[in-house]
Amino acid sequence: MIWVASRYAGRSVRRNARRTVLAIVGIAVGCVLALLMESLNRGRGELFARVGATSGVGHLRIVPAGWPVRRDPGLRLADANAALAAARARRDVLRAAPRTRADVLLAVGTHVVPIEMVGVDPEIEPHLFRYVRRVEQGRYLNAGESNTLVLGRTIAERLSITVDDEVVATAVDPHGDIQSALFRVVGIVSTGSEDADATVCQVPQADVERLSGSAGTGEVSLVLADYRQADVVRAALAARIASGDRVMTMTELAPEIEGHFRQDAASARFVSLVILLIVVLGVASAQLAAVLERRREFAVLSALGMSAAGMVKLVVQEAVILGTAAGLLALTVGVPMVWRLARTGLDFRRYVGSAYAFQGVLFDPVILGDFGFWIVPYVFIVAMGATIVASLYPAWYAARTDPAVALRVAQ
């Protein structure tokens, strides 16, 4: 019976070839558009995670007790060595870097700039913090040196200083006493964004400990091989670090970035839904027209004993045939387009310049799409789902056909 119904559905689809082709093309176009939007969404998710992590935030960060609430740069880890050893022992952690922060005033003559000074390990830091790879003048910090400083261009311009100039840094120690130190500028970083350049002030870690009067490491930042494993790595590290220290995710560290990403993704998915809704309405219109043309035929089937459920199955089978053909066509057209999108991306440099910053995070203006095996099930789910949903009303209409009325009208 199923085979007979399937043959009948196939013959019905072939009966009006022009309408069938147009319906298949319409569904395929909608699938391709939805596929491109999904590819960009997935690529954008990876982009947000990557740029957020390499903009100083990290995929994960081990912080001292009390830091999640107070965000006080004067807090220190209970056992930084244990935290670093636990992080570096994991293969899914690409890099782990210690940092120590302090709120300072940089002064040159009458120019004063308040800034968060970051003490770093010069050998590791450029692997985690991509801003400092863009040294425009001078060089980056060297391991073993002291009282040297790398600044962002925005800060250097506010202080009217350049490479080899000296700047006084002033901080308040835990006892309330004022401490000062003289630093020589060895490099000026220029990221292309004034906001990002205003956040760069790095010195060797030991210098910050001396200046702040608080010894020890303030945090350990981690970049993972796969950002989607953040919760797994977090749970494993939490069991191995000192009591009181805590592992935080990027979502907890920079919720504004996560919120921006979710808002962006929701907007893109809304556009995809609008596209699919238009496709569904178009397919429903074509299916309904086909049912109306075959009203006499459905009346005869009903008179011969076909149940309402049988007619619904018949129309849905036709939709499945259309969806399968549209899915294959969408894969044929869409896969090369998504592959190219994953290689070259969408370039927004014409509109936002070489880079743009949000909440101090520097974003790449070229957004690459995502390409993977997820494309095949995604296309068929969208194609089949759209056509089956679109066929429900025509199927319901066909099931309600009154044989007597339909045959009388047809005469």
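What follows is a working chat about selected features of a predicted model.

Q: Take leucine 329, then: where does it sit, and why does it count as partly exposed?
A: Leucine 329 belongs to helix H13. Its relative accessibility is 32%, so leucine 329 counts as partly exposed, because that class lies between the 20% limit for buried and the 50% limit for exposed.

Q: Switching to the strands, what does S8 pair with, and is the S3 pairing parallel or antiparallel?
A: Strand S3 (residues 111-120) and strand S8 (residues 201-204) run parallel and are joined by three bridges. S8 is also joined to strand S5 (residues 148-152), in this case by two bridges and with the strands running antiparallel.

Q: Which residues of S8 stand opposite valine 120 and leucine 151?
A: Valine 120 has proline 204 of S8 opposite it, while leucine 151 faces cysteine 201 of S8 across the pairing.

Q: Now alanine 268: which helix is it in, and is it buried or exposed?
A: Alanine 268 lies in helix H11, which covers residues 255-293. With a relative accessible area of 6%, alanine 268 is buried, because the limit for that class is under 20%.

Q: What does alanine 268 touch, leaving aside its sequence neighbours?
A: Once neighbours within four places in sequence are set aside, alanine 268 is in contact with Met37, Asn41 and Arg44. As for leucine 40, its C-alpha is 8.7 Å from that of alanine 268, although the two residues are 228 apart in sequence.

Q: One last topic, backbone angles: what is the phi of arginine 71, and where is this residue found?
A: Arginine 71 is not a glycine, yet has a positive phi of about 50°. Arginine 71 is found in the loop between helix H3 (67-70) and helix H4 (80-88), and at 36% relative accessibility it counts as partly exposed.

Q: And what about the phi of asparagine 147?
A: Asparagine 147, also not a glycine, has a positive phi of about 55°. Asparagine 147 lies in the loop between strand S4 (135-138) and S5, and is partly exposed, with a relative accessible area of 28%.

Key. Residues are numbered from 1 along each chain as its sequence is written. This is a predicted model: local features need pLDDT of at least 70, side-chain atom pairs count only at pLDDT 80 or more; totals for chains, interfaces and linings use all residues. Side-chain values use heavy atoms; hydrogens and water are left out. Helices (H or I, at least four residues) and strands (E, at least two) are DSSP runs, numbered from the N terminus. Buried means under 20% relative accessible area, exposed over 50%, partly exposed in between (1.4 Å probe, protein chains only). Two strands pair if DSSP finds at least two bridges between them. Contact means heavy atoms within 4.5 Å.
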